[in-house]
Amino acid sequence: MSLTVLALPLFARWLAETAQRQGRRRTWHAFAPQASLDAFRGYKIAQLIIAEDDTAWFAGVTSLRYGVDTLAKCRRRSCRPPGLDCRCGFYAFRDRSEALHVLGGLGGRHPARSYVLLTVDLDGAVLEYESGFRAQRQRVLRVEIPDACVRCLRGGTVTSAVTFMAHPQFRGEQLLYERTLLARMALPAGSAPMRPLCEAHVPESSDSRKLDLAALRRLLTTEVALLPDAETPFKTTA
Amino acid sequence: MDLGRPVARHLIRRPHEVIDLDAEVTLDEPVADEQELSTETPER
């Protein structure tokens, strides 16, 4: 009985997904691929994760882990991202303002997660949508960090950051903050999202590592800067 | 992430993927529009 209860919704979901896949494939097949040498510029948000061994990567909204120049992968073996009937690939908005809007929404809802704004170039096979792209390859050109202490944000105030820290606030904290089981497992022990902090919230423990923009640039091997005040969503809404 | 309706499909290649780096280049071959230089002194 319990198995039936579990299996029925899963079967219904599989049926719906199969029907949707056919529709998506038909839609995309109506467009002939246009060859070009000009990559598409896009904007997106991600968490910047830093591990104890000085490796850094991004945990995105749809991809769990990617670097500065990455080829997309799909969980389905037969799928080559961006699959015409799939949801895989690197997503990005066409307009910077849309990515900033998402950054403001998520930052306000989950201040412990601390997202950054990425400027990316997308190439390879690229599917173009009304407001953005889904692509096979992505190159992160610029990382912009909101200049707001995440601990102060939780209290509803906006304070400029003096340093960026990537230390787990307590053991296994990612189990609380990440949305999916896969995302929780993708964050190895000792790694943590980079968080902008003000002087008052810098932890006193000696094992905490402070990073500045130059150190982040070296880690990521790409441009890292603060998000301009006028664009920092928390500052404009405060 | 909802990006709206599909608009177009693209295949974008990076410049190094387009240029054939393994292609042999022979510099000694005469070029079609190249003419031999005349040794004669121009008449005045």
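Two strands pair if DSSP finds at least two bridges between them. Strands (E, at least two residues) and helices (H or I, at least four) are DSSP runs, numbered from the N terminus. The model is predicted: local features need pLDDT of at least 70, side-chain atom pairs count only at pLDDT 80 or more, and totals for chains, interfaces and linings use all residues. Residues are numbered from 1 along each chain as its sequence is written, and chains are lettered from A and ligands numbered from 1 in the order in which they are written.

**Stop 1: strand 6 of chain A**

Select residues 115-129 of chain A. Of the 15 residues in this strand, 12 are buried (20 or more other C-beta atoms, placed from the backbone, within 10 Å of a residue's own).

**Stop 2**

Find L122(A); opposite stands Q138(A).

Now select strand 2, residues 40-50. Eight bridges join strand 2 to strand 6, again antiparallel. Here Q47(A) faces Y115(A).

**Stop 3: across to chain B**

Select strand 1 of chain B, residues 6-12. Six bridges tie this strand to strand 6 of chain A, and the two run antiparallel. Check A125(A) opposite L11(B), then Y129(A) opposite P6(B).

**Stop 4: the whole contact**

Which strand of chain A gives the largest share of the side that touches chain B? Strand 6 does, with seven residues. In total, 24 residues of chain A and 15 residues of chain B take part (C-beta atoms, placed from the backbone, within 7 Å).

Conventions: Two residues are in contact if their C-beta atoms, placed from the backbone, lie within 7 Å.
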